[in-house]
Amino acid sequence: MHTVVIGGGVIGLTTAYHLAREGEGVTLVDARRTGLGASDVNAGWVVPGDSAPVPGPGVVLSALKWMTRPDSPLYIKPSLKADFLSFMLGMFRASNAKAQRAGFQADLELAADTVQLFDEYRAEGIDYELHHTGMLMAFKDHELMQHHLGYVDLTRRFGLDPTVLMGDDVRVHEPKLNDTVRGGLFYPKELHLDPGAFTRALYAKLVGLGVKIVENSPIDGVQVAGGRVVSVSSGTSIFEGDKFLLAAGAWTGPLSKLFGADIPIRPGKGYCIELKPYGLRGATNFYDAKVAVTPFNERFRLAGTMEFGGLDESINQVRVDAILRAPGEYLRDWEAPQPSEIKPRAGMRPMSPDGLAVIGRLPRLSNAFVATGHGMMGVTLAPGTARVLTRLIREDHLSPVLLPFSPARFRGGR
C-alpha cells in the first residue's frame, strides 16, 4: 500500500514516519519546505496537562473586549464573511465549561502515550534536543488559577500528578519568579523539545526509510473516480496512491474543498522570539499573559499570542512587544533585549471552531483522510494522532479515541 501525505508539518511528518516504520510506502508533498510555520514557530512543549481547548467559559466575551486592543493575548480581526461568522458561532457554542472539559479529556486520551512515543523516537535514531523537566503554570490572577485547579482531578486521572503551589511555594519551586506571582501548577511529567530540530530529524529519518519527499509543490488538483481519490496534482506533477492524507495545517481549510469537503479551519497566528539563556528550571507558562517560556540548551524562547486573521505570516511588532513585556511582569531581574538582538518569527496554527483537532476519514471518499486543527497542541498531539491514524489508514481500524475529533461533527465534513 502507498499513502500520499499532503503537508510537511509536524503532523504530516510524524504520521508519515509511523506509516513508513510499519513498512508502508509513503510520498510526502509540501507546498514549501517541510517543518516551517507553526511546526517550528512554537514553544516546543509536550504538555498533555495544558491541552484544554481554547474555547472555554468567558473566552468569547474576553475576545470581544480584546478586539479593541491590538496587543491583547487573543485578537480576532472582525469580518462579515459567512465563513468567519460561522466559525465564531461555533466557537461561541463551545465556550462553556462542559464542552471544554469534554474536549480536554479527549485531548488527554489522544496524548495518553505521547511521552513514551517521544522517547521511542529518540531510541529509534531520531536525534533532537529533548528535556524531561516538567512544566509550570504560573498565575498572577487568583480566579484564573482556580479555573485550572478545577481540572486537576481530570489530569490526575490520566496519571499526570500535578503539584499545587500556593504563595511562596511557587518561588521555592522557581526562584526567578517575582512576588506578584500568586501560585502555580507544576506538571512533572511534561517534556519540551526543539521543534525545528525534531522536524529536521524526522525528515532525515524518513529519507533513510525510503520515503519520497517533494517540496515546493502546492496541491492544486484532486482526481476522484468511484468514490476514491486516484491521484493529487501540483501543476504538471501527478502523485498517485492507494490512500491519501490531508495534513496541511492552517491551509487545510481551502485544500479540503478540492476533496469535496469544507473543513472549517482558520489560521491563528502565533509568534516566537529567541533570546539568550536565562536559567529557568523548565518550561513555564505565564498564564495571565498567555506567553510560553522554553529554556533550551543554548537559547531561551518566548512564544505566544493568538491572532485570527488571514493566512499571513508577516510580523506585527505591537504583538511582539506584548510578548517581550511579559517576562518583566513575572521574573526577577529581567533585562529586556535590545531590538537589534531579536528576530521574531510568526507561524499559522490550524484552529477549529470548538478547539479540537479534526482527524478521520474525509466525507464520501473511501481512501482519503484528514488530520488538522491541532491549534497550539500540534507537537503534544502529533504522536497520538500518528499512532491512531496509522491504524485507521492501514487497517481501517477506527479507535474510539478518534470519535470526538471526527470531521463529521461539522456540516462540511459529512
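Select Ile126 to begin: leaving aside neighbours within four places in sequence, Ile126 is in contact with Tyr17, Tyr121, Phe198, Ala201, Leu202 and Lys205, where contact means heavy atoms within 4.5 Å. The model you have open is predicted, so local features need pLDDT of at least 70 and side-chain atom pairs count only at pLDDT 80 or more, while totals for chains, interfaces and linings use all residues. Residues are numbered from 1 along each chain as its sequence is written, and side-chain values use heavy atoms, with hydrogens and water left out.

Now widen the selection to Phe118, Tyr121, Ile126, Tyr128, Leu193, Phe198 and Leu245, the residues with the most contacts inside the largest nonpolar core, which has 68 residues. Such a core is a set of buried Ala, Val, Leu, Ile, Met, Phe, Trp, Tyr and Cys residues joined through side-chain atoms within 4.5 Å. Buried means under 20% relative accessible area, exposed over 50%, and partly exposed in between (1.4 Å probe, protein chains only). Apart from this core lies another, of 27 residues, including Tyr271, Val291, Val320 and Leu324.

Next, pick strand β8, residues 183-187. Helices (H or I, at least four residues) and strands (E, at least two) are DSSP runs, numbered from the N terminus. Five of the five residues of β8 are buried, so the strand is largely enclosed by the rest of the structure.

Strands pair if DSSP finds at least two bridges between them. β6 (residues 135-139) runs antiparallel to β8 and is joined to it by five bridges; Met135 has Tyr187 as its bridge partner. β7 (residues 163-166) is also antiparallel to β8, with four bridges, and Thr163 stands opposite Phe186.

Move on to helix α3, residues 82-94. Which of its residues are buried? They are Phe84, Phe87, Met88, Gly90, Met91 and Ala94.

Finish at Glu24, in the loop between α1 (10-21) and β2 (25-29). Glu24 is buried, at 14% relative accessible area. Show its side chain with that of Arg394: a polar contact of 2.6 Å joins them (a pair of N or O atoms within 3.5 Å; within protein, one must be able to donate a hydrogen and the other to accept it, and residues adjacent in sequence count only if both atoms are side-chain atoms).

Technical notes: The expected span of a helix is 1.5 Å times one less than its number of residues.
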